[in-house]
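Please open the model in a viewer and keep a selection tool ready. The stops below go from the whole chain to single residues.

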Amino acid sequence: MLNNQAGQKGERELDGVFHALADPTRRAIVARLCEGPATVSQLAEPFPISLPGIVQHLQVLQASGLIRSEKIGRVRSCSIDPATVRRAENWLGQRRTPAERRLDRLEGFLGEDSPDRPPQPPD
């Protein structure tokens, strides 16, 4: 019973992550934060959206666990939460088809003989 509850909790967390990433503005914010922390003003800069609109996007990202925010004085900074990104990445990676994995291995094998291409690391 406990294992099932833990699985359901993990599924709900992933639901929140993928819901947050469903929006192109939020994906762009996550992409920017993958480069390093930024203030809310810096994150809002490239978008034709009001600051309160950006804050709403940041709240969704924070609720999903994808980002963290910290207020120092009057400035709020945001950063990516790598553990949450890794969980989503692992979930997607586990769903790759066996045929896709075989093709990846074949590509790596064939690429080893090519002088133009560096060898690919195994999965």
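What follows is a tour of a predicted model, stop by stop.

**Whole chain.** Begin with a cartoon of the protein, which has 6 helices and 3 strands. Traced along the sequence, their order is α-α-β-α-α-β-β-α-α as listed for the protein. Of the 123 residues, 25% count as buried. If contacts between residues at least 6 apart in sequence are drawn, 47% of them join residues at least 24 apart.

**The core.** Select I29, L33, L58, L61 and I67. Within the largest nonpolar core, which has 19 residues, these five touch the most other members. At least two residues of this core come from each of α1 (2-21), α2 (24-33), α3, α4 and β3 (75-80). In soluble globular proteins, nonpolar side chains tend to be buried together.

Now centre on L58. Which residues does L58 touch, leaving out those up to four places away in sequence? They are I29, V40, L43, I67 and C78.

**S64.** Move to helix α4, residues 51-64, where S64 is located. Is S64 buried or exposed? S64 is buried, because its relative accessibility is 12% and the cut-off for buried is under 20%. Show the side chain of S64 and look at its polar atoms. A polar atom there lies 2.7 Å from the backbone oxygen of L61. The backbone nitrogen of L66 is 3.3 Å from a polar atom of the S64 side chain. Then display the neighbours of S64 beyond four places in sequence: G16, V17, A20 and T84 are in contact with S64.

**The salt bridge.** How many salt bridges does the structure hold? There is 1. Select R68 and D81, which form a salt bridge with their closest N and O atoms 3.3 Å apart. The pair links distant parts of the chain, 13 residues apart: R68 is in strand β2 (residues 67-72), while D81 is in the loop between β3 and α5 (82-94). Side chains of opposite charge can pair when their charged atoms come close. Colour the two partners by accessibility. R68 counts as partly exposed, at 44% relative accessibility, whereas D81 is buried, with a relative accessible area of 17%.

**A nonpolar patch.** Return to the surface view and select L103, L106, F109 and L110. These residues form a nonpolar patch on the surface, and together they have about 420 Å² of accessible area. Pick L106 from the group; L106 sits in helix α6, residues 98-112. L106 is classed as partly exposed because its relative accessible area is 42%, and that class lies between the 20% and 50% cut-offs.

**P46.** For the last stop, go to the loop between α3 (40-44) and α4, where P46 is found. Is P46 buried or exposed? P46 counts as exposed, because its relative accessibility is 61% and exposed means over 50%. Finish with a distance between C-alpha atoms, from P46 to A28: the separation is 9.8 Å, for two residues 18 apart along the chain.

Definitions and conventions: Residues numbered from 1 in each chain as written. Predicted model: local features only at pLDDT ≥ 70, side-chain atom pairs only at ≥ 80, totals over all residues. Heavy atoms only, no water. Helix = DSSP H or I, 4+ residues; strand = E, 2+ residues; numbered from the N terminus. Buried < 20%, exposed > 50% of the residue type's maximum accessible area, 1.4 Å probe, protein only. Polar contact = N/O pair within 3.5 Å; in protein donor to acceptor, adjacent residues only side chain to side chain. Contact = heavy atoms within 4.5 Å. Patch = residues over 30% accessible without salt bridge, like charges linked within 9 Å, V, L, I, M, F, W, Y side chains within 5 Å. Areas by Shrake-Rupley, 256 points an atom, 1.4 Å probe, with all protein chains shown as cover. Salt bridge = Lys/Arg side-chain N within 4 Å of Asp/Glu carboxyl O. Core = buried A, V, L, I, M, F, W, Y, C linked by side-chain atoms within 4.5 Å.
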